[in-house]
Amino acid sequence: MIKFLLKGLIRDRHRSLFPILSISIGVTLTVLLQSWITGYLGDIIDYNARFSTGHVKVITKAKYDNSQQMANDLAIVGTNKLTENLDEEFPEITWIKRIRFAGLLDIPDENGETKTQGPVIGWGVNMLSKKNSDIERMNIRKSLQDGKLPTKRGEILISDELAEKLKVGVGDDATFLGSTMYGSMAMQNFVISGTVHFGSMVLDKGAIIVDFNDAQTALNMENATSEILGYLPSGDYDNEIAHNYADRFNKKYSNSEDEFSPIMITLSEQNGLDAMLEYVSSFIGIIIFVFVLAMSIVLWNTGLIGGLRRYGEVGLRLAIGENKGTVYRRMIYESVLIGIFGSLIGTMIGLGFAYLLQTKGIDLSSMMQNNSMMMPTVVKAKITSTTFFIGFIPGLFSTIVGTMLAGIGIYKRETAQLFRELDV
Amino acid sequence: MTQITQMNTNKKYLWRYCIINKKKDNKMKKVLTIILLTIVMLNGQTPSAETILKKIDENMISKNQIMTSSMIIHGRRVSRTIRSKSWSIGDTKNFTEYLSPAREKGTKMLKLDDKLWIYTPSTDRIIKISGHMLRQSVMGSDLSYEDMMESSDLTDSYDAKVIGSEEIDGKQCWIINLVGKTDDLVYHQRKIWVDMKLYVPLREELFAKSGKLLKRMELKNIVNIDGRWYPTKMIFKDVLKNGEGTEFVIDEIKFDQNIPKYKFSKAGLKR
């Protein structure tokens, strides 16, 4: 029967060409959108995990309640013991201490007085110790534009845009000016060892990266840190697993009465990423729903037009004794074949475009000048296993629904009038 | 007979009515007279806001002063005491050297008009504080660098008006309301409670343009030093900040001293 239906579809192109074309276009768009959203939002989540949120993060309860504050007066103290406990109780997770801070970077002139200065956001990360180095995790080595990675205490990396703005280069002196953990003035001299470009507006605008121990010294944070980030062994964020770890930790360590007790939060509980994670899944669902709805209407119309064109054929088939249900079912089988073809073609075209977007990406940096979110400036798609079949859902569903709606007319034909109609 | 009796009764009532009304009129007159007299007396007694502010300046501002003070910062986590010595001429020149704790010792700050520099011995650098850094807190206290930069001549930037009186710690105070003349002021509105006798501010509240209270200041332990009434303890509270506020205690203050000129130069920061 399939062979028979196929022959019919191939020989009568009016029956197949327009529906296949419409389905292919719709499926291409679905595949492209799915891969783009997955890729872009996935990149945002990955960026946040690497630079800001970790998969889980340990901070003080007070800091959690004032998450927008960059000041370290709410930092965790006694971190040496706490990280030891974390390593013992959650050995499968990689634990990283980081200090985040804000302040000014002041560049001296030949007399040691202020030549230029600008606001900076700083990261105190592990760069000098080989254990749990953040160099690879934060992609620092690949982001290096000029100079070298710090090899000793007192050396810093600054973003290339900041270097340009402050008119400094590798080997120049710079003084960080900010607040210590206790609110006093923090001033520390550094030597610029290199410049970096991360491809994220937030980081490239005014980031400085110093070694963790230097940050501790500058900000008077002996045995203290802003946050302890945890990375799951798989390397990818899993909301359920992360929540399980957080629940276990909080039951043991968190004390609602003490605002400085540690609390573990998951990636989804930070930077509004929960909404983003939900957005990813719901947005794809919305795309499919809208596509099914729109395409069903298009294909319903196509079916109606086809039904009118095949009015005589259907009438004749009914007149020679073919069952109404059989005619209706065969038309649906035809639509299934059309749907499969259209979805296949659409998926292939969509995958081609998605691959291009995945490898090349689109640079949107000019549109993100004032963006404060941590996200990449180059938009890239990501082909996942879902990308290969996502197009088939709307492709097949809309064709079948369209045909089912258009084919209802078959049941309305009166057998008694068929021959009179055929005469006409 | 009945009619005569009725008439007499009516007369009696009328007479009484007249007497009562006359008494009421007299009372009303008395009350009005007292109110008018009070208004006249009050108007006569209440100096203008400008006069009060001028008298405050006359009492508190000297040619120069040298002060040793302790700033006790009650943070969310710990309380810290920072001791410093400062030299100042009016409100345009100020040089402060931090004496303790060890981490802050040797840090110096120089204010010349609307410019501010800081020096730390660990960096051996003189750095100008500007831009958003001016909004930062001074040593973690409830005071910002912007507060330090403010001019004491409030009548220049604010429209001042006496809006009432209130008693603070048993002292009668004028309440002066100051509203900014321009939009670029750190605090758009201020309320100052001034001791009627000594012309010393006892409380100050600082507001944003929206009317939101930003900071509160209490001035206590007023003593007479060289003929000037001076508060030796000030409590600052940034209401937007957690913590118990900052106490500023004057350990020693000397007026009209000989201060060498180099103190108010950038070179003085490194000496």
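This is a predicted model: local features need pLDDT of at least 70, side-chain atom pairs count only at pLDDT 80 or more; totals for chains, interfaces and linings use all residues.
**Strands of chain B**

Strand S11 (residues 213-225) of chain B is joined by ten bridges to strand S12 (residues 228-238) of chain B, and the two run antiparallel. Two residues lie between the strands in the hairpin of S11(B) and S12(B), where Asp226(B) takes a positive phi near 50°. S11(B) also pairs with strand S10 (residues 201-207) of chain B, again in the antiparallel sense, over five bridges. Within that pairing, Leu206(B) has Lys215(B) of S11(B) as its bridge partner. S10(B) and S11(B) form a hairpin as well, with five residues between them, and in its turn Gly211(B) has a positive phi of about 95°.

**Helix H2 of chain B**

Helix H2 (residues 49-60) of chain B has twelve residues, which at 1.5 Å a residue should span 16 Å, and its end C-alpha atoms are 16 Å apart, in agreement with that expectation. The buried residues of H2(B) are Ala49(B), Ile52(B), Leu53(B) and Ile56(B). Because these residues cover an arc of only 95° around the axis, they are on the same side of H2(B). An α-helix has 3.6 residues a turn, so residues three or four places apart point the same way. The buried residues of H2(B) pack against helix H4 (154-157), strand S7 (158-168), strand S8 (171-180), strand S9 (189-195) and S10 of chain B.

**The two chains side by side**

| Chain | Residues | Buried | Helices and strands |
|---|---|---|---|
| B | 271 residues | 27% | five helices, 13 strands |

In chain A, 79% of the contacts between residues at least 6 apart in sequence join residues at least 24 apart. For chain B, residues 24 or more positions apart account for 43% of the contacts with a separation of 6 or more.

**Helix H15 of chain A**

The 15 residues of helix H15 (residues 392-406) of chain A should span 21 Å at 1.5 Å a residue, and the end C-alpha atoms of the helix are 21 Å apart, which agrees. Its buried residues are Pro394(A), Gly395(A), Leu396(A), Ser398(A), Thr399(A), Gly402(A), Thr403(A) and Ala406(A).

**Nonpolar cores**

In soluble globular proteins, nonpolar side chains tend to be buried together. Here the largest nonpolar core has 101 residues, and those with the most contacts inside it are Ile156(A), Ile208(A), Ile209(A), Leu219(A), Ile52(B) and Val194(B). Leaving aside its neighbours within four places in sequence, Ile208(A) is in contact with Leu105(A), Val120(A), Gly122(A), Ile156(A) and Ile158(A). Another core, of 14 residues, lies apart from the largest one and includes Leu32(A), Val292(A), Met295(A) and Ile338(A).

**Where the chains meet**

Between the chains, 20 residues of chain A are in contact with 22 residues of chain B. On the side of chain A that touches chain B, strand S3 (94-108), strand S4 (114-125), strand S7 (173-179) and strand S8 (185-196) of chain A each supply at least two residues. Of the elements of chain A, S8(A) gives the most to this side, with four residues. By class, the side of chain A that touches chain B has eight nonpolar, nine polar and three charged residues.

Methods: Residues are numbered from 1 along each chain as its sequence is written. Chains are lettered from A and ligands numbered from 1 in the order in which they are written. A nonpolar core is a set of buried Ala, Val, Leu, Ile, Met, Phe, Trp, Tyr and Cys residues joined through C-beta atoms within 7 Å. A residue is buried if 20 or more other C-beta atoms lie within 10 Å of its own, exposed if 12 or fewer, and partly exposed in between; C-beta atoms are placed from the backbone. Two residues are in contact if their C-beta atoms, placed from the backbone, lie within 7 Å. Ala, Val, Leu, Ile, Met, Phe, Trp, Tyr, Cys and Pro count as nonpolar, Asp, Glu, Lys and Arg as charged, and the others, Gly among them, as polar. The expected span of a helix is 1.5 Å times one less than its number of residues. Two strands pair if DSSP finds at least two bridges between them. The arc is that of the directions from the helix axis to the C-beta atoms.
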